[in-house]
Every structure is written in C-alpha cells, then in structure tokens.
Protein chains: 2
Amino acid sequence: MQKCTKCHQVDGVIKAGFIRGNQRFFCKICSQHFILENAFKSDLKKNGQSTITDVANALGVSISTVSRALNDKSDINPDTKKAILQAAMELDYRPNLLAQSLHKGKTNTIGVIIPDVEHPFFAKVLAGIQQVANSSCFRIIVCHSNESKSAEILNTETLIDCRVDGLIISHSKETTSFEHIKKIIDKGIPVVQFDRIITELNTHNVMHQDYKGSFDLVEHLILQGCERIAIMSGPQEMYICKQRLEGYKAAFQKYGREINEEYIVHSNIAKKDCLDVFDYFMSLEYPPDGIFTILNRNGVEMMKIAKERGIRIPQEIAFAGFGDDILAEYFEPSLTVFNHFPPAIGQEVMKVLIRLIENKTHFPAYNHFIEGELVVRQSSQKGGYIK
Amino acid sequence: MQKCTKCHQVDGVIKAGFIRGNQRFFCKICSQHFILENAFKSDLKKNGQSTITDVANALGVSISTVSRALNDKSDINPDTKKAILQAAMELDYRPNLLAQSLHKGKTNTIGVIIPDVEHPFFAKVLAGIQQVANSSCFRIIVCHSNESKSAEILNTETLIDCRVDGLIISHSKETTSFEHIKKIIDKGIPVVQFDRIITELNTHNVMHQDYKGSFDLVEHLILQGCERIAIMSGPQEMYICKQRLEGYKAAFQKYGREINEEYIVHSNIAKKDCLDVFDYFMSLEYPPDGIFTILNRNGVEMMKIAKERGIRIPQEIAFAGFGDDILAEYFEPSLTVFNHFPPAIGQEVMKVLIRLIENKTHFPAYNHFIEGELVVRQSSQKGGYIK
DNA sequence: ATAGCTATCGGAAAGGTTTCCGCAAAGCTT
DNA sequence: AAGCTTTGCGGAAACCTTTCCGATAGCTAT
C-alpha cells in the first residue's frame, strides 16, 4: 500500500476515490487525504523575458522599489534608482504591457476595422491613422472584414476582448444593421466611423465631401458640354452612395436638367460589375455622353472597356470618378476625379478618437468633413468651360 | 485633538509627521500610528465590462466554477453550467484577453512589421497573412516602419512589450544591421523574414524567385532582340537587389553577352529617382534599347517619361519590371513583369511562423521560395521570339 | 451500516504591474 | 532629550484568468 505523506505510516491508508484521474488516499491515523505527487512538475518556466521581480532579486530590493525607480516616482534614493536602472538595462528588462494594461484598465491600443487593405483608399487612411497613433503613443490593431458582415462582427468581438481603448470603423458593403456597434458603445468604448458610416448611430464620423464632390464633378461634366450624364452608383443603403447621388441630382437641378432614372444604376461597385453596367448604358436608346462613377477604379475599368470598343474619350463619352488614385493619374486618358485626401481622413479620425478617449466627458457627436478638391484631367476635357 | 482610531481615546494622540501630504498621528496608549481616512474613495470602478466575478456573484457560485463552465471543463453539473452560460450571456460577458494571456504566457498574437502599407505588394502580403491568421485564431498587430530604421527598432520593442508570440518582418530600406532582431531571437521569440531579408540572421525566410524572375525577364528582353539592356537596381546592400542583379547577369552570361557596368544603376527605387536614372541612360553614347527595373512602378514611371519624350515603346526601348500590379496591367503600354504572387507569400510566411510557434522544437532555418511567373505584355513585345 | 467512490464545487496561487499604506531610522527643532 | 518631520523602502492588494488541490455530500456495493 501507500505510505501516508504526513505520518509516513502504511497501515491506516485506504483508497479514497479518484480525483481528476489520480488515485486519492486517506490516512485514518492522521486523518488526511492525499494523492500521489506528479514528481516532475515542468521546471521549464522562465520564458526568457525578465520581470520586475528579476530586477528586484538581482539587487535585493523589493518590487515596489523597482517599480518606483522605473516609473520615475519620488520616494526613492537617487543611488538606489541608478542601480535599479542599471540592473534593468543589464537584464534587458521590458515592461509587460499585458500586466500594465490589466492593472490600469486601459491598453493604449485602438482597434481599426476596414473592409479591405488592398483598396488604396483604405491603405492611405490607415497610413494616416498610424501616423497620428505613433506620435501619440497609441498602438493599433487592424482587422479586415473583407466586405463581410459576419467577419466584421467577429472583428468587433475580438477587439472588445483585447480591451481596446477605442474603435475606428468603416463598414463592409454588407453591413446595414448596427447592433454589434451599439453593443460596443454601450460598454462605454468610444467609436469613430469614417467613409462607410451608419447614420443611425450617434457617433462621431469623419467624412469626405461626398455631396459636394459629386456635385462638382457632375457640374464639370455639364459645363464641358455633356448632355446625357449617367451615374454608376453603389448599394442603395450605403450612406456615401446616397450622398453622391444627391450631389449628382443637385447639379442637374442647378442647371435645370431633368433627371432620367434610366441613367442611374445601382451596382455592387466591383470590377466585374463594370462590364454589365457599361453594356446597359450602351443599350439605351440614347447612350450617355458622360459617365460618372462613384468609385474611381470603376471609371478606369469602364474607360478600358470603352477604349477596347473604339469609343473616343472624352469626345464620345467623358468620364469622371470619385477619389484620386495613381491609376486614375497614369491611365490613358487620365481620369478626372474629386480627390478626397484619404491620409487627412485617417489623421482626423485618429485625432477625434484620441480626444474622445482622453476627455471622458463625451462631447456631442458630430460629423467632421475633410475638404477635397476637383482634379480635372483628360477624360473629361471636351473643350468646354473649365470652372 | 484627534481621536485614536483604535482605542478611541484622545489624550494619548500626538502628531507624527506627514506622509504623502496627510497628517500622521501616533497614539501613545495603544501605540499605533494612523492617518485621517480619505472618506470618499472613488466608487466609480466598473468600467462597463463584466468579469467572471460578476457572473459568479450573479449566481452565488465561485469563480472557479464559472471558469470551468465557460471553458467546457468537466467536473461541473450540467445544470450549473447551463445557468452560468445563461448568466454570462445576459451580462454580455467577454473574457479579458489581457488576463488570459498574462496567465497563459502566450497571447496568440503575432507582430508584423512592414515598411509601407501603401505599397501594393505589402498590402497584398498583409492580406495573405491576415487570411491564414484568421483561420488559425491568431491576431496580428501591424506596424509600419515607413522605411526608417529607427522606427523599425521602435516597432520591435513595442511588439516585444506586447508579448507577441512571433514576429514577421520585412526590413526598411535603411536597415542593414540586425542587433534589434537578434535581441528578439535571443528572447526565444520565433521570427520569419520575407522579401527584404537580412541573410546574416539564422531565421526562416520566405522569398520570391528574385534570381529566376530577373533571369526570365532579361532573357525575354534578349530574345525579343534587345541589344543593350540596362537595369535600374536598388540599394546595393539589399539582398533582393543583389539577387535580381545576379539574375540579370546570369541571363547575359547564358547568351554570351558582355556585362557593361554603364548600364547598371543602383538607386533608391523611389519614384523621384526615375527621372535621373532615365536621363542618365539617355545620356550614354549608346542608350539602352531595353530597360529592366527592379520595381514595377519604376518601370511604369520611366515609360511615362519616355512617352512624354516621344520615345516609342517597345520599338525604341522595351521595358520589363519585377512584380505585378494593377498599374502595370492598365498602363499603356502594359508592362511585362514577373509576377511573384504576394498573397501566397503572406500565406506562407504565416504558415511557417505558426509551425514555429507550435513546434517549439525549432526545426532548422530554411528559405522558402514562392514560385512566380513571367507575364509578357506590350512593353516588351518587339516581335521577337516569346519563350 | 460502512468502506470505498464519485460528482461537484470552493479556495488559493500564479502571472507582472502599480499603488496604497505602514514602518523604521535618521534628521530637525525646541 | 523629547517632540515632530522626512526619507526610503517593504508588504500587500488589486486587475482578471486559469488551474491545482482539497473538501464534502451523497452514492454503491458489501
């Protein structure tokens, strides 16, 4: 039988059930329960990173003293402090941000959810966000929803679990509801939306001039002499699409033109949609002589199709698109666009969020607009008047 | 005077100095020190996120039981478990990843350092990394070095502080030394390099076929009939530049051509360098009739300059560039390139890293190559032989 | 009834920090 | 020398989890 671990007798020991797979014993003599020790207990701790405790042990001081030295607190002897700093350096001590964040209840990390990094617009916004974040000592965690609503929801959960101090989001094309964002707001986490926003949420939003940009572009096409201007818009529920369509209509109105619904198409603004939309436009009794695409790349794609068919740009059809891009600039003919300055959007988003995080007193939600500018290029210059 | 907090007498109490701004007292009767209580102690905890303790309190069970329920452990009554899960749902409980990671000593997070998100190559690699990371339940933190060595070093420190489980890096143009990476390796954190690697480090690297790709492109130009092929290369110390230059030379060798150093330029591969390099080429006694740029965008930029000067492409000068891109495809003339499949690189990088993290038994370092392919387009088709 | 078990749960430690509070010794003032 | 003050440091709690171990009540088979 087994020897008791306490009184070291054998006689009184009886089996006393199993516990988590281990035989359990009971010693009737000293009336204690025990199980067989697991002998080797994984002695392979010490994962290479030294801690505040290591520094304290190295000098024979307490961890509180080390902490005070490291954090530049008072109540410490200058000599002690110097010694601690020296030891920390030698041990290559680096603070454990996990422990710090856990203790402080804040992580200095903000989450960013974007639909697609490969999209140059989002890449540039991201660069703007990064820039401001760096100079304010915030880290960012970037998640991609890949234009999927379920992925977006998963992303929000991940970021909550990471205890980010704030969230920046531009929604996927699929996203029309907003409970997942509501949940974050309810937890008291500041949220800033940009570009693809959901207006029902009472958050701060950073926007480009969708309305004005579209207006300017369409006005430009009108002044260039286009008679029938078509628009390739995006999903109907998307706020930016609505705004851009409004801008389109407003320009028509200003010049006393009638709006013909035949020339308005709602698509999924994907590359592959362009061919269908273009074919549709060409199938009309009076095909357009000007096409405005809500997305610059759609404009380039359509121009490519038009070129292949021998259509002269801008003489037969003029083109204009929203948002600038190297492709818009280098393509031949180059595309007239409204540049909405993506990096400025990123910077502003981050600045607003930081203000929100630091002034816990949530100032009233507000739409921030970044001013853009019309960039006239070859695709639209019919020789008409340039404003 | 003050009443003692213990014996409630007044007589024996004397002042006993200040401590952190508060008056301190000493009671001679019960010989204890005390200070005046601060009365209101900030009751405003509860930052909105419920914890395992909240769930436990809601049901009157212990936190260990809640933990077992949440983590699908045995040793729990199914009814209890159901109740706990229900309560957790109602309280919108989400585990605190900080606490989990701190406890487990691993974060399931990996750090990625890239020089520039706006560069389409890196954006695509990033997308590949994300994809594999998502399906393996790893989070990623992306840092941008912005082509600066000091920023890169800062990034590595940040990521160490976050206790990432592994690191993926492509170095900045400035980075030629490697102590900062060595330090990470010494801490036992797995590192995988890609694209811009430092060969002195004994890490796993994921590469494209720099040598073969260059060879193929240059061979293609030779077969098309180019007599004087120039190369715009990058910083001399960069490994990929060396490799691409080697490929260029190897093609020359295969066809018995002599290498003329005049046609080899090392630049900083920035957009603004293209004009100078092109001017230099044109200033030669016998200007090149074929230009190979190590970076596809440099090729496009040069073609743009050439077009502006009325040079016919490819008749007078043929062009080829390394790496595919929407601009290379859409520009007119479209650019012949070697496509190195950036997303595949990202996927492979992440897969290798995960293997490294999970098999702690570090298998020997190894260079992983992603196969690319030659994409022949207008910029090089002089009518010669296409392999 | 009792020896031997099982099922279920609670307590506590550990992970790395920061910070509150207390203590001792030394210094200063009458 | 007694009373008061300052300096410098250590102990311990708290942040939120997970997990090891111990405990108890009730069950089964003799």
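The model is predicted, so local features need pLDDT of at least 70 and side-chain atom pairs count only at pLDDT 80 or more, while totals for chains, interfaces and linings use all residues. Residues are numbered from 1 along each chain as its sequence is written, chains are lettered from A and ligands numbered from 1 in written order, and side-chain values use heavy atoms, without hydrogens or water.

**Interface of chains A and B**

- Chain B and chain A bury about 4,700 Å² between them, with 53% of that on carbon and sulfur atoms; buried area is the accessible area (1.4 Å probe) that two parts lose on being put together, summed over both.
- B:Leu98, B:Arg163 and B:Tyr330 supply 16% of the area that chain B buries against chain A, more than any other three residues.
- Chain B contributes 51 residues to the contact and chain A contributes 51 residues, where contact means heavy atoms within 4.5 Å.
- The rule finds 6 salt bridges across the interface of chain B and chain A; a salt bridge is a side-chain nitrogen of Lys or Arg within 4 Å of a carboxyl oxygen of Asp or Glu.
- B:Asp92 and A:Lys187 form a salt bridge through their side chains, at 3.2 Å from N to O.

**Helix packing in chain B**

- Helix α5 (residues 120-135) and helix α13 (residues 342-358) of chain B pack at an angle of about 45°, their axes 7 Å apart.
- α5(B) is therefore oblique to α13(B); angles under 35 degrees count as roughly parallel, over 145 as roughly antiparallel, 65 to 115 as roughly perpendicular and the rest as oblique.
- Residues making the contact include B:Phe121, B:Val125 and B:Ile129 of α5(B) and B:Ile345, B:Met350 and B:Ile354 of α13(B).
- The contact of α5(B) with α13(B) comprises 10 nonpolar, 4 polar and 2 charged residues; Ala, Val, Leu, Ile, Met, Phe, Trp, Tyr, Cys and Pro count as nonpolar, Asp, Glu, Lys and Arg as charged, and the others, Gly among them, as polar.

**Helix packing in chain A**

- The axes of α2(A) and α3(A) come within 9 Å and cross at roughly 90°.
- α2(A) and α3(A) are therefore roughly perpendicular to each other.
- A:Thr65, A:Val66, A:Ala69 and A:Leu70 of α2(A) meet A:Thr80, A:Lys81, A:Ile84, A:Leu85 and A:Ala88 of α3(A) in this contact.
- By class, the contact of α2(A) with α3(A) has 6 nonpolar, 2 polar and 1 charged residues.

**Backbone exceptions**

- Most residues other than glycine have a negative phi, and most peptide bonds are trans.
- A:Asp75, not a glycine, has a positive phi of about 65°, and A:Asp75 sits in the loop between α2 (63-70) and α3 (78-90) of chain A.
- A:Ile313 and A:Pro314 are joined by a cis peptide bond with omega of about 5°.
- A:Pro314 is in the loop between α11 (296-308) and β12 (318-322) of chain A; helices (H or I, at least four residues) and strands (E, at least two) are DSSP runs, numbered from the N terminus.
- The peptide bond from B:Glu332 to B:Pro333 is cis, with omega near 0°.

Notes: Axes are lines fitted to C-alpha atoms, for helices over the stretch in contact, and angles run from 0 to 180 degrees between N-to-C directions.
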